[in-house]
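The chain is shown first.

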Amino acid sequence: MLTDMTAVVTGGSRGIGRAIVERLCRDGAEVVFNYATSEEAAADVVRAVQASGGTVRAIRMDLKERDAAERLMEAAEAHLGSLSLLVNNAAVSFTPSPLAETEAEVFDDVMAGNTRSVFLTMRYAARHMRDEGRIVNISTMNTVRPVAGIGPYAASKGAIEQLTAVAARELGPRGITVNTVSPGATDTEMLRGTNPPQALQTVAGMTPLGRLGQPSDVADVVAFLASPDGRWITGQNLRATGGLA
């Protein structure tokens, strides 16, 4: 159980982020999450959590904005009182394209939303998180199983994995664990929006467990790392891929 845990989850209104918010709240954590665009989706998460007795608050904040990540953390800490868990899940999607056809502005947007924001939230946590806390960063199996057309995205997630490894060593003396979770092909709006149905059937067939992942599959791994049972795991990249990677 995560009773008395206070958590910030970025990108918590849909897909994997929503599943993480709901799982953490179900386990007793008090959660603040951000969303970038859909107030309706965020409100739906809040209603669902509160209906089951959980405590959650949504804050509209686009993490591509230069100071948004720090403003989110400040607002969350003001609401929660202290911080014991940070889950960096928010990700910027883009239309896959070859490097030769990808504009520099696309690269900048992806790195701002996926990497700079993680650096800033982790820096804030390093300064303010209470001892024995937890940081979990969401990456992707595509850092070890690359595919054509996703250069900026894969680069942004690879950088997150390195920030995780460094932070685990820096924050370990305070008992703070820092880990990465790398989902495989997970059945989300983002996945279906960037892949044709046939491709999803193919990847499900390539997965040893024979299906696409569900957001709850990833949320359960995050909850384990956040729990007391995850206390001896740090600096690791747990690949929640159903065996695909």
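The model is a predicted one. Asp62 is paired with Lys64 in a salt bridge, and their closest N and O atoms are 3.3 Å apart. Lys64, at 32% relative accessibility, is partly exposed as well.

A salt bridge also joins the side chains of Asp67 and Arg71, with 3.2 Å from N to O. Asp67 is partly exposed, its relative accessible area being 40%. Arg71 is partly exposed too, with a value of 32%.

## A salt-bridge network

Arg18, Glu22, Asp44 and Arg47 belong to one network, joined by salt bridges that share partners. Within it, Asp44 bridges to Arg47, and the closest N and O atoms of this pair are 3.7 Å apart. Both residues are part of helix H2, which covers residues 39-51. Asp44 has a relative accessibility of 32%, so it counts as partly exposed.

The salt bridges of the model come to eleven in total.

## Helix H1

Helix H1 runs over residues 15-26 and has twelve residues. From its first C-alpha to its last it reaches 17 Å, close to the 16 Å expected at 1.5 Å a residue.

The buried residues of H1 are Ile16, Gly17, Ala19, Ile20, Val21, Leu24 and Cys25. After H1 comes Gly28, which has a positive phi near 110°.

Glu103, Glu105, Asp108 and Asp109 form a negative surface patch. Glu105 is located in helix H4, which spans residues 104-128. With a relative accessible area of 52%, Glu105 is exposed.

Glu101 is found in the loop between strand S4 (85-88) and H4. Its relative accessible area is 58%, so Glu101 is exposed. Between Glu101 and Ser52 there are 49 residues of separation in sequence and 47 Å in space, taken from C-alpha to C-alpha.

## Positive phi outside glycine

Asp4 is not a glycine, yet its phi is positive, near 75°. Asp4 sits in the segment before strand S1 (6-9). The relative accessible area of Asp4 is 63%, so this residue is exposed.

Glu132 is likewise a residue other than glycine with a positive phi, about 70°. The position of Glu132 is in the loop between H4 and strand S5 (134-138). At 56% relative accessibility, Glu132 counts as exposed.

Key
Residues are numbered from 1 along each chain as its sequence is written. This is a predicted model: local features need pLDDT of at least 70, side-chain atom pairs count only at pLDDT 80 or more; totals for chains, interfaces and linings use all residues. Side-chain values use heavy atoms; hydrogens and water are left out. Patches are made of residues with over 30% relative accessible area and no salt bridge: like charges are joined within 9 Å, nonpolar side chains (Val, Leu, Ile, Met, Phe, Trp, Tyr) within 5 Å. Accessible areas come from the Shrake-Rupley method with a 1.4 Å probe; for residues, only the protein chains shown count as cover. A salt bridge is a side-chain nitrogen of Lys or Arg within 4 Å of a carboxyl oxygen of Asp or Glu. Lys and Arg count as positive and Asp and Glu as negative; His and the chain ends are not counted. The place of a charge is taken as NZ of Lys, CZ of Arg, CG of Asp or CD of Glu. Helices (H or I, at least four residues) and strands (E, at least two) are DSSP runs, numbered from the N terminus. Buried means under 20% relative accessible area, exposed over 50%, partly exposed in between (1.4 Å probe, protein chains only). The expected span of a helix is 1.5 Å times one less than its number of residues.
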